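Take a first look at the model below. Then follow the text from the fold as a whole to single residues.

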Amino acid sequence: MATLIQQAMASAGRTSVPVHVDPITGALSLCTVPKDLMELLRALWTQSEVSLREMEQRVRRFDLIISRSSLHKILNEDHLPPVDVLAAIVGACSTARDRIDVWLYHRARLEIAEVRQRPRRSTASAPPRHSPGSPYGTGRTLQALIAACSHLATLVPLLMRL
């Protein structure tokens, strides 16, 4: 996906068509699965030329302590990191606060899509496989959906100012 965005931006530079969106923001809006967002995060990290050692120090500004090995693991996986971790990594790549909010908005959008696509179990045909206090099953799905909606609700006013 990052390669396609780079090709599109190079093509736009050769034409007289004005581009009103920076490439990363435009690409984020095209993300349909967490893998797309993580690919863009890796592209942002590569473009920023921030080493893992330096990123480890920079994420501390966001009140997080993440080791280099954990950062490496997060950056090389294709699932969504927690909100505070994503914000810290994007911020460590010298991204402005309003652009970090754009990343968080798209993360929330993808998380909502993931929750909605999870298969639903029929409660009438099969007994629950986990205890009621378990972090799995329909209760966990509802918790994830509520958390994603609350993240989205905090980001909408910020995006409206753009």
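What covers the buried residues of α3? The cover includes α2, α4, α5, α6 and α7. Contact here means heavy atoms within 4.5 Å. Buried means under 20% relative accessible area, exposed means over 50%, and partly exposed lies in between (1.4 Å probe, protein chains only).

Some ground rules come next. This is a predicted model, where local features need pLDDT of at least 70, side-chain atom pairs count only at pLDDT 80 or more, and totals for chains, interfaces and linings use all residues. Residues are numbered from 1 along each chain as its sequence is written, and side-chain values use heavy atoms, with hydrogens and water left out.

How far can the model be trusted? pLDDT is the predictor's confidence in each residue, from 0 to 100. The protein chain averages 80, and 61% of its residues score at least 70. Over residues 130–137, pLDDT stays under 50. For that stretch the model has 2 contacts beyond four places in sequence.

Now the overall fold. The protein chain has 8 helices and 0 strands. Helices (H or I, at least four residues) and strands (E, at least two) are DSSP runs, numbered from the N terminus. The chain has 162 residues, and 33% of them count as buried. Take the contacts in the chain with a separation of 6 or more: residues 24 or more positions apart account for 66% of them.

Go back to α3. Its buried residues are P34, D36, L37, M38, L40, L41, L44 and W45. The expected span of a helix is 1.5 Å times one less than its number of residues. After α3 comes E49, whose phi is positive, near 60°.

Helix α7 takes up residues 97–117. Its 21 residues reach 30 Å from the first C-alpha to the last, close to the 30 Å expected. Buried residues in α7 include I100, W103, H106 and V115. W103 touches I24, L28, L37, L40, L41, L44, L86 and V90, not counting residues up to four places away in sequence.

What is at the centre of the packing? In soluble globular proteins, nonpolar side chains tend to be buried together. A nonpolar core is a set of buried Ala, Val, Leu, Ile, Met, Phe, Trp, Tyr and Cys residues joined through side-chain atoms within 4.5 Å. The largest one in this model has 33 residues. Of these, L28, L37, L41, M55, I89 and W103 touch the most other members. The elements that give two or more residues to this core are α2, α3, α4, α5, α6 and α7. The largest share, 7 residues, comes from α6.

Next, find T95 in the loop between α6 and α7. Is T95 buried or exposed? T95 counts as buried because its relative accessibility is 17%. A polar atom of its side chain lies 3.0 Å from the backbone oxygen of V90. Leaving aside neighbours within four places in sequence, T95 is in contact with L44, V90 and I100.

Last, turn to H72 in helix α5. H72 counts as partly exposed because its relative accessibility is 41%. H72 and L52 are 20 residues apart in sequence. In space, they are 7.3 Å apart, C-alpha to C-alpha.

Methods. A polar contact is a pair of N or O atoms within 3.5 Å; within protein, one must be able to donate a hydrogen and the other to accept it, and residues adjacent in sequence count only if both atoms are side-chain atoms.
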